[in-house]
Structures are given as structure tokens and as C-alpha cells.
Amino acid sequence: MPKAPGSVGSGSGGATVLKRNQVQNFFSFIPKNTQKPCCRPAINAEGANCDARRPCSTCVRSHKHARDHAQPGANLPERPECTFDEVATTETPSAPSDSPKNRFERLETRIKELEALLSQKEQTTSTDANLPSSSAPSSIQNSPASIQSVPSNSRPGSASTMSFPSDLESLLSPSNLDMNAQARPLYLSCHFDSFLFPDVIWSHWPVNLPHPELIRHLVDMFFLFHPHASRLFHRGTFIASLSYSPDHPDFPIAPVLHAICAVSAIYTAAGGPRTNAADFPYEGQFAQPDLPGTFAEQQATHAKETVEKYLTKGQHLVQCVQTYVLLTWYYWCHSKWVELFTCSGQSLRVAIPLGLNICPPFRSLHGSSPSMSIIPPPRTPIEDETRRNTFWLAYAVDRQHGSGTGWALSLDDDDIAQVFPVTMEQFELGIPVNYNVRQWCHVREAVLFHPPDITDSFTLYIKSTMLLSFIKNFNHRYKIKSNLGDTRFVPVRNLATQGYGDQPDIRSSPAFLELDQLLVSFRSSFPSNLKDPFRNGLVDTHLYTTFLTAHVSIILLHEPHANVDRANCTSAAKILESARAILELIYAVWSTNYDIGLLDYFCPFCWYLAGQCFGRFLRAAQDAACVQQIDTLRAELDFVRMALSKMAERVPLSYRYHRMLDACIPEVCGPAAVHSSPAGGRPVSAVADRPLLASVSQMSANQPDMAYFLKINNLDPQP
């Protein structure tokens, strides 16, 4: 018989019936007073009752009548056209059946309705959210506390209705989420259904990951506020990958998402209250804070556990390195030194067999190793640069946190033959840059030359970390090299100023002089467009950290040789000049509306090092009873402490350095130096560096820094 429009066949036994209720479900979104019932007896096209034959007798008579009275030349079918309902058995229910035209009409109607709901949602969130905009560029520097958060207890399966319009809230209500699968509309689009029903669509969602909505919120916070997020990942590619199902090969692996959740927890309260570093004691330099089971700590633990499984199986190895880089940021932020050291070393060790530290044509001469990488080559320029950025970020963390320890670095510079990163614009657009025009890191002169087409603040940031590596290697290996008779590490003895029994001045060695000149040249080599980290009213975090690193490098090189009790000590003059240059950068960022808690984690170490220098000179000024110098140095020291305290409101690492500086002040300057910080304002240095050095008497002996450093951190200097 002819099939009734909109009907769906089903059967029981041998009878042919219509599923009338399902036809009505397709129009459930139409008001009831406008619905037309679709339940009617099974009839044929002419409205006559059907006798259930195939073809039915009515269609046979109609076809015979049409052929008998057909016009000449008419093209009529040989057999009558009669459509029958499929008779389904009780064991195999019939699938829904409908014409494509009707299906398309319903889909178009539903899409228009969903577009209206989404537009209403966008209008609501645009008025409520306090996000940065192009019209107010300085607002991006503000604290992320104003960003709207999602419920912390959201998990897969929960119906979170944050910021949704009322119509969309009704769709997310438990009654709709618990609908029977047969009654749920089949015409929901795939993307909207994955948004509303993640448990149904994403059946393989990782167990310990938060709700997809919370994941997306934390990812947004990560890219919005972390200074290196858009370099570790290509933002467009990563955001697009989140729309895939968890079992899709391009969906980020669970360790990456766990680590992002841990890192982003300091920018939002979505995961719960942040840890207050002041509530946990830090006794000793390497003592680990006993942090509670916060959301961030749980996610970091899950990331560390799951990444080891992927590493053991040899799957997604590049993302494993990215996970380790994220974990180093988390451990560094929370001043967990042991985990930071081990995780940083792990990131570089894993990067070596992947060939991330080297680039063709440089390879080993060993014949049994045809390839320097165990992973396939990158498919696109974006993937190639992402791998390179991942290595450089792992390298930067190792060099930066290694500057504050006496431990060896995880990877030697001689084992690295890689080009420097491209600019942000080239990375985002996936523009390939020929190796012939790029700079190689093993070329020493590349640190001082910055081609404008391939240089931005991130490039200078990486080059500045190489300076830290050069100084670290010099200080760490000097005695070994000089003992081996390396002429570059043998001081030149000046018989006019040194007696026969005097110790040779290390600063006269060719290696030291080369490094000293390199640091001076690096500061003056910046391109004209990269000489101001506060250009256009915005804070360039990479450039700001680069400026700090340039001054800290001088302190690290000259501090072991500085004698603040001698007015003619060039090393003492240089460290004081560098400390005050760091203080000027603190003044500059303090005068903006930028949230200093969003700065790079290396910044509090730079500030702490400047505070240590002020402490040494303050002790010398106290011994010389120079009241004017004491007031100036105290004001400078207090401002450094105040900046560390301000950053500690978000970053526990800064609180750790604040505590270390407070413990250092009584040892270096005496108990009288400890007093409350100024309420605000900028202390002004009333005298120049050289008169300060000249006014300090030579009555007191030079204080051994390592001795009091070990003492204040409860470390026994005896073996």
C-alpha cells in the first residue's frame, strides 16, 4: 500500500501498524495548540482502505484505468507503483525511516532555533564577562580574578548551567538529560549534541579529567594569562583539537590536559580556592611544602602518573615532553625544588631521542644511528615549530632554575645544534622560514645579532637564557678547566699589582673577559623595536624577563669576586649597578596596572638576587656608619621585598624568595635592618654608586655568602 507521509513502520507478529507517537515526537517543539495529529488509519494515496496486498487491489485498478484511458504518446509504467510498510519482527525493531526532504526541513528548523539560543547566550555572556578587549589594551594586564569561573565540582555527567539563557537551561535540566534514547530528538547536530550530552557522545572521556566545560575554561585561562602558553602550543590548532572526541588521534592526551589544569589553577578559582603559601612553612632551602590535596595538586599528580604510561608505551612522545614542561612550570611556581629539578631533567632527556635538540644537517658520525629521531618528521611548519618551541622552553627552565643552584645542568650546550624560534606571527600563520636565513644557537655571535625578520621578544628571551648557561658553565667548571691547564681558564698574573704569594685574579682569565664583554654587548645589541618592554602601554613579559636576565647575568658573573669593602672593586660596582637596574625595572612594572603575578617565574629570582646585593652593601654602610647610604639602601631593599610580597599573592615561589630574603637580611645586615616595608611610593637613590663605594670603610672583613646561606637554610656545611 502507499506509505503514509511521516509514518514509521514497526510490527508485532505479522500485522502491519504505524508508529504514531514517534511522528508526534518530531514536532514536540511546536506548541501543542498548533500541532496536527498524524495518527490516521492506513490508507492509500486515493483515501481508500487498503487490503494489504502487494500491490494492493486499489493501485492495480487505478493503474489499469490509467493505461486504458491514456493519451497517445503518454509514458506510463508497466506495473503499478505502490509503496508498502516494512513488516518488522519482534526480534529486530525497524529503524526510523523518512524522506530526505522532510528530514532536511526539520534540521533547518532546529538549526535556526539553536542559532537563536546561541546568539542569546553570546549576548548574555558579553555583558557579564569582564574580558580584555582591543579597545582597552591595558585591561589585559589586570588580574584574572575578574574572569568568570565555572563550578569547581563539575564533572562529566553534571548539568552545569553557568551563564546559559533560560531556554538552554531547560535543555540541560536533569529531566532532559535523563530522556530515553528513543524519545530524544535524532536531528540534533553533532557539535551541539556533544556540547549538551558529553557523556553520550564522549564515551571514552578520561576518568580523572574535569568536566569538558571546566577544561575549556582552564585552557582559555592558560592561553590568556600564561606568558609561554602560545609558544608551547599552537593556539588555533590546540583549541580546535578540543572539539574532537577523546578517542580521536588529534585530541590532546590526558597528561597534557591534567598539567594545564594544574598550571591554570593560579589564574582562576574554578577549581577551588588557591593555596595560600603563607599558611605552609618553608624550613630549609630544599624542604618541600606539605601542600593539601588541592585541585591543582591532584591534577599535577594525575599528569605525572599518566605521562609515564604514555612514555613507557612510546606513544605521543612530543606531548609527553610538553607535559613535563608544564609540570616544571607548576613545580617551579610552587617552589617544589626536587620535583622541579627531576622533571626539568626528564623533559630534556626525553627530548634528545626525539631529535628536538638537533636539526639537519647536524648529526652523529656513528654509522649505527641512521636517524637522530625516533619519531616521524613533522607534517607541517606549525608542527615543526611547535616541537622546536617545546625544546627551547624546556631548555629555558633548566637554565633559569639552574642559575640558583650549584648543580650541573641537564644538557650540555655542545650537544645542541638547533635554530632559534621564529616570530609569533610566523608561528601562528604557519609561515615556513628557510634554514639558510635562520640563526644557529651553536654560533656564539648569533647571541649579538638579531635579524629583524626572524627576531621578536621570545627570540631574545631564549638568547638570554643561553647567557645564563654560559655563566653557569664558567662558574661550575672553572676549577676543573684550570686544573687541566686550559689556557682560556688560566688567569693572567699582573706582577705590578700582585705579589708572588697572592692568589691569581680569575677575572683576568680570557674566558671571564670574553663573557664580561659578551654581556655588555648583549645589552646594547637589542633592535630599536625591542628596547622598551612597556611599549604601547603593554607589558611584554618575554622582553621584560630578558632585560632582567641581562642584569642578573652580570651579578652571577661578578658576585663571587665582588668585595664591597673596597672602593675600587669593579665587580662590586657592577653588581650594585645591575641591582639598581633591576630595581628600575621593578619600579616600571609597578607603575602600570599590570598584575605582576602574571610575570615569568624567573622574575622573583632576579628580584631576590638584587635584594641580596642591597643587603651586602647595607651591611657595609652600617659598618661605616653612613646614615645617608643606610637610608637609601634600606628603602631600595624594602621595595624589593614589597614587590616579592605582592607577587606572592598569586605565585608561591615569590613568597619563598621573600622568606629567604628576610632570613638573609639579619645575617648580612644585622637585626636593625629588619623593619616594615613602606606603604607605597618609590624610594629615590640620593647618591651615585661610586661615591657609595668610596664612602664605605675597609674596617669589616668580607662576609662569606655561602656560609650564611647554608646557615639560614638549616643546611650543615660540614660533609
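**Local geometry and burial in the predicted model**

Pro 361 sits in the loop that connects H14 to helix H15 (381-402). In this predicted model, the peptide bond leading from Pro 360 into Pro 361 is cis, and its omega is near 10 degrees. Most peptide bonds are trans, and most residues other than glycine have a negative phi.

Two further loop residues deserve a look for their backbone angles. His 316 is not a glycine, yet its phi is positive, at about 50 degrees. His 316 is placed in the loop between helix H12 (295-313) and helix H13 (317-333), and it is partly exposed because its relative accessible area is 35%. Asn 536, likewise not a glycine, has a positive phi of about 60 degrees. The loop that holds Asn 536 runs between helix H18 (510-523) and helix H19 (541-558). With a relative accessibility of 68%, over the 50% cut-off, Asn 536 counts as exposed.

Returning to H14, its length can be checked against simple helix geometry. The helix covers residues 337-351, and at 1.5 Å a residue its 15 residues should span 21 Å; the end C-alpha atoms are 21 Å apart, so the two values agree. The buried residues of H14 include Trp 337, Leu 340, Leu 348 and Val 350. Glu 339, Cys 343, Ser 344 and Ser 347 are also among them, as are Gly 345 and Ala 351.

A buried polar residue turns up in another loop. Gln 439 lies between helix H16 (424-429) and helix H17 (457-483), and it counts as buried because its relative accessible area is 13%, under the 20% cut-off. A polar atom of the Gln 439 side chain lies 2.6 Å from the backbone oxygen of Phe 449. Beyond its neighbours within four places in sequence, Gln 439 is in contact with residues including Gln 418, Val 419 and Phe 420, together with Ala 446, His 450, Pro 451, Ile 454 and Lys 463. Phe 449 belongs to this set of contacts as well.

Finally, a word on confidence. The protein chain has a mean pLDDT of 76, with 67% of its residues at 70 or more. Over residues 128-142 pLDDT stays under 50, and the model has 25 contacts beyond four places in sequence for this stretch. Residues 148-201 also stay under 50 in pLDDT, with 94 such contacts in the model.

How values were computed: Residues numbered from 1 in each chain as written. Predicted model: local features only at pLDDT ≥ 70, side-chain atom pairs only at ≥ 80, totals over all residues. Heavy atoms only, no water. pLDDT = per-residue confidence, 0-100. Contact = heavy atoms within 4.5 Å. Helix = DSSP H or I, 4+ residues; strand = E, 2+ residues; numbered from the N terminus. Expected span 1.5 Å × (residues − 1). Buried < 20%, exposed > 50% of the residue type's maximum accessible area, 1.4 Å probe, protein only. Polar contact = N/O pair within 3.5 Å; in protein donor to acceptor, adjacent residues only side chain to side chain.
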